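Hi,

Here is the structure I promised to pass on.

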Amino acid sequence: MPQPPAPEPAAGPAPAARFRLLLVPGVVPASWVRTWRERVADVPLDLVQAAAADATQALVADEADAALLRLPVDRDVLSAIPLYEETTVVVLPKDHLLTALDEVSPADLTDETLLTPADDVLGWADPPGEPSLLPTPATTEEAVALVASGVGLLVVPQSLARLHHRRDLTYRPLTGAPTSRAALAWLATRDGDPLLEELIGIVRGRTVNSSRGRGRAEAPAEPAPARGQRKAAGTGQRGARPGRPGTSRTQPGRGARGRRGR
């Protein structure tokens, strides 16, 4: 006798939504991450790391939903909101003569050898000083190691100097040099996505009530006062006149005299 077909297993719950935020080296979004986790607690925020040169391709390949990166970006592919301008610094050994200055100018670098790594994000077209005769460092991290060996100096955004900090190196602000600008970017085809709107509101400093994303709709309603607390929550008396808290329609003393006269 043929056996009846086995019942198909019940479909499980749909996977929970997640939002993937890509970070390029040096970008630290701690306060925005904290706000997201407070405001959109039902959607985990995953942080994805990528090299600056790979950020756009990662978004195109759907490896992230949005990115905190540095401008410029291809506006035909990505939408972007500029966020803040980074301070440019020069990284140098702690015993270098330029550490005597509070800030450095391009003229102070005329006699120095400047290293430019392959992943440079500043694009200084005509930097001062002498170019290095060594092969181009592949990464900023490698360039920092060369500075520590005494073969040259390095100009980078301050965030990258902090990321690759070494005890034998320091940095000074550099005036008159190109700067980099951080931005929030995403695929232009995803404009209007509710979770993206939530993140945009967070990085722009919107409150939960002014957000265009999901936070406003999901904010818990303020509970109504308990029955026994209603008097204390309002005027404290029934029939109080609007705009005059705590004042009843009967003037003090009049009701008492009326009762005595009965």
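Predicted model: local features only at pLDDT ≥ 70, side-chain atom pairs only at ≥ 80, totals over all residues.

Residues are numbered from 1 along each chain as its sequence is written, and side-chain values use heavy atoms, with hydrogens and water left out.

The sheet

There is an open sheet of five strands, in the order β2-β1-β3-β10-β4, and its pairing is mixed. (Strands are DSSP E runs of at least two residues, helices are H or I runs of at least four, and both are numbered from the N terminus; two strands pair if DSSP finds at least two bridges between them.) The edges are β2 (45-49) and β4 (78-85), each of which pairs on one side only. From one strand to the next the twist averages 25° (axes are lines fitted to C-alpha atoms, for helices over the stretch in contact, and angles run from 0 to 180 degrees between N-to-C directions). Strand β1 (residues 19-23) runs parallel to β3 (residues 66-70), with three bridges between them; in β3, alanine 66 is the bridge partner of leucine 21.

Two helices to look at here: α1 (residues 30-39) touches β1, β2, β3 and β4, and its direction makes about 150° with that of β2. Helix α5 (residues 194-203) lies across β1, β3, β4 and β10 (181-187), at about 170° to β10. Contact means heavy atoms within 4.5 Å.

The core

The largest nonpolar core has 36 residues, and Phe19, Trp36 and Leu184 have the most contacts inside it. (Such a core is a set of buried Ala, Val, Leu, Ile, Met, Phe, Trp, Tyr and Cys residues joined through side-chain atoms within 4.5 Å; buried means under 20% relative accessible area, exposed over 50%, partly exposed in between, with a 1.4 Å probe and protein chains only.) Its largest share, six residues, comes from α5.

Leaving aside neighbours within four places in sequence, tryptophan 36 is in contact with residues including Phe19, Val43, Leu195 and Ile202. The buried residues of α1 are Trp32, Val33, Trp36 and Arg39. Seen down the axis of α1, they fall within an arc of 140° (taken from the directions from the helix axis to the C-beta atoms), so they line one face of the helix.

Leucine 59 sits in helix α2 and is buried at 2% relative accessibility. Among the residues that leucine 59 touches, not counting those up to four places away in sequence, are Ala66, Leu78 and Trp186.

Salt bridges

The whole structure has eight of these (a side-chain nitrogen of Lys or Arg within 4 Å of a carboxyl oxygen of Asp or Glu).

- Aspartate 46 and arginine 18 meet at 2.8 Å, N to O, and link strand β2 to the segment before β1, 28 residues apart.
- Arginine 20 and aspartate 62 have their closest N and O atoms 2.9 Å apart; arginine 20 lies in β1 and aspartate 62 in the loop between α2 and β3, so the pair ties together parts 42 residues apart in sequence.
- Arginine 70 and glutamate 86 come to 2.7 Å. Arginine 70 is buried at 10% relative accessibility, and glutamate 86 is buried too, at 7%.

Finally, salt bridges that share partners join Arg20, Asp62, Asp65, Arg190 and Asp193 into one network.

Cheers
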